[in-house]
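Q: I would like to go through this model with you, starting with a pair of helices. Could you take my questions one at a time?

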Amino acid sequence: MSQSRVLPDPSSSLYDARDFILGSPLTRRALECSIPRFANFIADLLDATHRLSQSCHLPEFTDHGLPHLCSLVDRISKWELPNASGQVETMLTQKLAPESAGLLLVAVLTHDLGMLSQKPEDLPDAHSTSLDPSQWSDIASWVRRTHVIRLPKLIRRIMKTYSPDYSALFDDHGDENLSQAIAIAMAHQRWPWQWGENWACNFRNRGLAAIVSVADLLDEDSARCDTETLLQHRGGDELNRAHWIRHALTTNRVVVSRGEITVELCRPAATGRVFKPVFSALRNHFRLVLLYEDELQHVEAPITNVHLLPSTGIPQVEASGLTRWNELDGFANEQAFAFQMLRTFMPEALKDSRKVDAVTLAKLRSASLEDVDLSILEQSEMRNEPRTVEEQTFHAIIGGKS
Amino acid sequence: MSDTNHEEAKFRLQQGLDYLRRHAIDAHRAGDGLQVTHYCSLALTQVEEYGKAHPQHRIELKNVRWAFILGMYWIVHDWFLMLVQSAIEHVNRDGNNATDYELIALIHNRLDSPQSQINLLEAAEIPAEWWSERGAPNGSTAEEDIVAITFVIELVWYSQPGGLDWRDLVDKWLVNSTSDNRIAARIPRLLEQLAYQAGLYSGDAFSDSKASTSLIENDVQSELFQAWLALYNHDHDKFESIHNELKYKVNTDHPSYVALFNLQHNALIHRKTPDSQFVSLPKFQLARSHQPAEFFRHFRESHIDSEFLSIAQAGFPTNSHAGERKTCLRLAMLVSLQALRTWDVGGWISGLRMRARSHLELAATSGDTNSLVAGIIDSVRGHAVLDPKDEPRFGICLQMLDRLSVEQRSKLTLDLLRSPPIEWRRSQGILKYLSDAIPSELHLELAEWSIKVESTNLLKNLWTHTLLDIWDELLHTSPKRAEVTMRLAPILKKITGIPFH
């Protein structure tokens, strides 16, 4: 009997993901575009992504491979547009021109490709020495910092191995060229008002870039990673653990329904008042999609409402499986736990006036982001001199006073 | 502040200290002394601040002992000793903290006065309660307790490797322990190791190479040590044979790479190497920078140099720079001890050379003859190249040789005569300077040593054909001239038969 058994195919997850993505409404629309060899290109791009995530994915990161891409493609495919009366009018994918859908699909599939590769040769030719890996104490931070800027060279290098003909898709300077898709993908690292002069009147690209960014921002829910297993078995530092926990605090899969999103939050067991700033920051994270309001109008896909449950304070619902957090190194008490969680948010979600420029701060105010009590961060991060991470954690544990 | 608030603050501080301790232990095991001292100074500063604010609710010493012990184990700058001294005033040292306090005080005092002898009467017994609480067969063993016990033994040993103090201390400590205690069980092996390594200073280790192999668990370390023994005994065939095996086992990432480099470079004067030193030196520095423990040792060595330089820049003053002198001696001691833990003889020699420089500087500055004797022996054992033409302060030291007491001259002469072959030429150099200051009762022993040296076939490796010029003046003035001449006659005849000699 045992002789007849066949080893499982290690590429089965690729086949599943490829089937899921190629069958999605977004891809179906995109396949109608006139970009040459487009279907082959998408299939090969998925194969390349699978190979990279199988062999080169850094253990410190949450998933940036095919499951994440499936999630984004699915979110965009299910994106419902509102009509004037708030009823379902049509789906976003049906509104997009095939060429736009093609660019959007490639942008979505490539936006995090740099997170799966660690080669400095993909840095731009005239890059600053501060982007050189030798200047960074750990490779994971360098990868995260440079994953976008390395994308143009990386995508060309990797796709050339499948077919030399793919180079032509990037080298033309036409409007439907895939280098446009790469530019759209790269825009997710900046806010719309930072996108530069070139795009000032390119409303299509601005809209598509906003869709990528919003879909990515919403990919926050507990399905993104297996928090419990990661905490119990994977290495990593306090920041990694806090990121894994953060995903467990959003219980539902967040999709755009009739131009609105609904987010249900839960809290770890035995947390209370001290955790309030964490939920302020988490709600703000979802509210950041409102910063793309103008850009989404260009593709007639506005987000009219963000329903946050609860909209203020701390959720009543407890997260399952997050009961023994105080046994994690650096999470000794609620204050330290809150400190570690706050470290995971971008300064914009924290509405941190110390780290956000004046223009961005004004935008955050107009988007009605709630104020976050940063005292836990402030008393832990520094008194006068910068502190090491362990020093900050120590001060967070002792509560900033003795 | 209410009692509840005190308790809450104290509880949190203890949680924070436990967090730092876990990181400090990890860094200690990785050999990253700079990280360890970062965590320890952070902990002690906070403990002191808390103790000052809440004198009635101080942290128990035993709950923060790791920060005192590990911090001193990895000390570089003397301010850490000051921090220890002030922080310990603000913890609870009473009751079952007393033994931890004793151990911390022993380490502190030894580091604070690296030249002084420890008065063992001051060292208390370790009570049975301490042993049963720490290292019990069914309990956990804290890394800081193992460090404290072994570090104190090493420090006492270092002050007099050939003496019995360190053994007496251990006897006193173990009285109340049980044989199955996991900390106590480590001590016999350490004693055996230190007893054997004492021979590195007396020269005895090099006549008994078998003993070492049973003491060293790591194959590479064992082979490195065997190669050193061969080098010390000028057994070049054996050295080459061991070295040929070793060089294939140790790459630049290997934990023993620095030790291998030290071996190879100490052997350079005896053997040719095809490798360019312009390549090997930068490679050594690069590899060393990638190994936390080795980088830390280098950091300490550099700090010794910078402290010594500040003394030199001040013109070797007599009434100042005591702190810098202490730091040089303290760190030379710690560099040597760190090397011995991995049987890195090259590192041990390097530490001795640094101690020699400090002892001789002290002798030349203060006229202290004990420092002079210690400095000369350290120079010979540390393979230092001492030439009064290059180092005027060494010239001052040589002029002081006549001021040594008879006992000091006898001891110095006997120590030099006990040197292993690799040190013969340096010993002969000092003996020649001593010349008629060598006590006449030792002239016959000196003659026997000359015969032994000249009758071996080793001088060809010593850049000279004879070491007999010790006798140039001494033979004329020795009261035992006739007897010495009779003894030396056969080799004198042999030497005079060498053409052009």
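Q: At what angle do α21 and α22 of chain B pack, and how far apart are their axes?
A: Helix α21 (residues 406-417) of chain B and helix α22 (residues 424-434) of chain B pack at about 150°, and their axes are 10 Å apart. Axes are lines fitted to C-alpha atoms, for helices over the stretch in contact, with angles from 0 to 180 degrees between N-to-C directions. Because angles over 145 degrees count as roughly antiparallel, α21(B) is roughly antiparallel to α22(B).

Q: Is the crossing left-handed or right-handed?
A: The crossing of α21(B) and α22(B) is left-handed, that is, the near helix is turned anticlockwise from the far one by less than a right angle.

Q: Which residues make that contact?
A: From α21(B) come Arg409(B), Thr413(B) and Leu416(B), and from α22(B) come Ser427(B), Ile430(B), Leu431(B) and Leu434(B). Residues are in contact if their C-beta atoms, placed from the backbone, lie within 7 Å. By class, the contact has four nonpolar residues, two polar and one charged. Ala, Val, Leu, Ile, Met, Phe, Trp, Tyr, Cys and Pro count as nonpolar, Asp, Glu, Lys and Arg as charged, and the others, Gly among them, as polar.

Q: What kind of model is this, and how is it numbered?
A: This is a predicted model, in which local features need pLDDT of at least 70, side-chain atom pairs count only at pLDDT 80 or more, and totals for chains, interfaces and linings use all residues. Residues are numbered from 1 along each chain as its sequence is written, while chains are lettered from A and ligands numbered from 1 in the order in which they are written.

Q: What is the mean pLDDT of chain B?
A: The mean pLDDT (the predictor's confidence in each residue, from 0 to 100) of chain B is 89, and 93% of its residues reach 70 or more.

Q: Which elements of chain B have the lowest and highest means?
A: The lowest is helix α11 (residues 209-215) of chain B at 63, and the highest is helix α3 (residues 65-73) of chain B at 98. Helices (H or I) are DSSP runs of at least four residues, strands (E) of at least two, numbered from the N terminus.

Q: How many residues do chains A and B bring to their contact?
A: 13 residues of chain A touch 16 residues of chain B. The chain A side has four nonpolar, six polar and three charged residues. The predictor gives the complex an ipTM of 0.87 and a pTM of 0.88.

Definitions and conventions:
Parallel < 35°, antiparallel > 145°, perpendicular 65-115°, else oblique. Contact = placed C-beta atoms within 7 Å.
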